[in-house]
Amino acid sequence: TVKFEIKLPPFVQQPISYVQKNHPQTIISTLHRPSEFHGNLLKPALPGAPGHRILIRGSNLYACLESGPPAAYSPALMASISPFFPLLLSVAILLMGNGLQGTLLPVRAGMEAFGSFEIGILGSAYFCGFMAGCIYGPRVIRVAGHIRTFAGMVAVASSVVLIHALVLEPAVWWLLRATTGFCFAVLYMVIESWLNEKSTNETRGLVFSVYTIINLTVITAGQM
């Protein structure tokens, strides 16, 4: 009888295949939950977990003969994400607006007869401000703290957008875009350090995966 225990993180739902070292093409078993091998029967360690029957030949474990379907819904998975929902929602709204600005402002600048050089500087100014935010953002956070910095940068970035409609001067727009870049660099710093602090070693990869998906999806959606 072969007996050993394999533990998986509670939010793992997709089947994980274990193979022989000498025969990597042979699946030993597929697990959905922490389980124990007892002889030729894989007994779930948690009630209701899918079971698997395996074939034992001598001291080696061979192919999986029977397995249950992966779970479609994971309460543990949702529980690890739910504390971050308000922050991720605010991030989605912010970044969708930022993506919209990235497309709308050059189009509006062309309609206002800005030159190609001026429109190019408009795009570069954002990243100059972003670079400055990466340099000076930590000082702002140390002085004001995460919450006040987040609120302040959101307020400034939201106000700057309105000034574009009031003043139609290229130099002013360059300054405004640099300010927007500075604000978003600091916001990224606050958001990601916040997520890193509040997540555990077991959930950090999942949390940042969801954050990255939201980040790229809403920026793309904002440009549409």
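At what angle do α4 and α5 pack, and how far apart are their axes? In this predicted model, α4 and α5 pack at an angle of about 155°, with their axes 9 Å apart. Axes here are lines fitted to C-alpha atoms, for helices over the stretch in contact, and angles run from 0 to 180 degrees between N-to-C directions. The two helices α4 and α5 are therefore roughly antiparallel to each other; angles over 145 degrees count as roughly antiparallel, those under 35 as roughly parallel, those from 65 to 115 as roughly perpendicular, and the rest as oblique. The crossing of α4 past α5 is left-handed. A crossing is given this hand if the near helix is turned anticlockwise from the far one by less than a right angle, and is right-handed if clockwise. In the contact of α4 with α5, 18 residues are nonpolar, six are polar and one is charged. For these classes, Ala, Val, Leu, Ile, Met, Phe, Trp, Tyr, Cys and Pro count as nonpolar, Asp, Glu, Lys and Arg as charged, and the others, Gly among them, as polar.

The model is a prediction in which local features need pLDDT of at least 70 and side-chain atom pairs count only at pLDDT 80 or more, whereas totals for chains, interfaces and linings use all residues. Residues are numbered from 1 along each chain as its sequence is written, and side-chain values use heavy atoms, with hydrogens and water left out.

The protein chain contains six helices and seven strands. Helices (H or I, at least four residues) and strands (E, at least two) are DSSP runs, numbered from the N terminus. Along the sequence, the elements follow the pattern β-β-β-β-β-β-β-α-α-α-α-α-α. Of the 224 residues in the protein chain, 33% are buried, where buried means under 20% relative accessible area, exposed over 50%, and partly exposed in between (1.4 Å probe, protein chains only). Among contacts in the protein chain with a separation of 6 or more, 62% are between residues 24 or more positions apart; contact means heavy atoms within 4.5 Å.

The largest nonpolar core has 24 residues, and those with the most contacts inside it are Phe150, Phe184, Ile191, Leu195 and Tyr211. A nonpolar core is a set of buried Ala, Val, Leu, Ile, Met, Phe, Trp, Tyr and Cys residues joined through side-chain atoms within 4.5 Å. At least two residues of this core come from each of α2 (85-111), α3 (116-144), α4 (146-166), α5 (170-198) and α6 (204-222). The most is given by α5, with eight residues. Apart from this core lies another, of seven residues, including Leu105, Leu122, Val160 and Trp173. Beyond its neighbours within four places in sequence, Phe150 is in contact with Leu87, Ser90, Leu94, Leu187, Val190 and Ile191.

Helix α4 also packs against α2, at an angle of about 25° and with axes 12 Å apart. The helices α2 and α4 are therefore roughly parallel to each other, and their crossing is left-handed. The contact involves Leu87, Ser90, Leu94, Gln101 and Leu105 of α2, together with Phe150, Val154, Val161 and His164 of α4. By class, six of these residues are nonpolar, three are polar and none is charged. His164, in helix α4, is buried, with a relative accessible area of 4%. Leaving aside neighbours within four places in sequence, His164 is in contact with Leu105, Trp173, Leu176 and Arg177.

Helices α3 and α5 pack at an angle of about 40°, with their axes 6 Å apart. This makes α3 oblique to α5, and α3 passes α5 in a right-handed crossing. The contact of α3 with α5 has 21 nonpolar, five polar and two charged residues. Gly181 is found in helix α5 and, at 0% relative accessibility, counts as buried. The C-alpha atoms of Gly181 and Gly129, 52 residues apart along the chain, are separated by 4.5 Å. Not counting residues up to four places away in sequence, Gly181 touches Tyr126, Gly129 and Phe130.

Ala113 lies in the loop between α2 and α3. At 67% relative accessibility, Ala113 counts as exposed. Its phi is near 65°, a positive value in a residue other than glycine. Most residues other than glycine have a negative phi.
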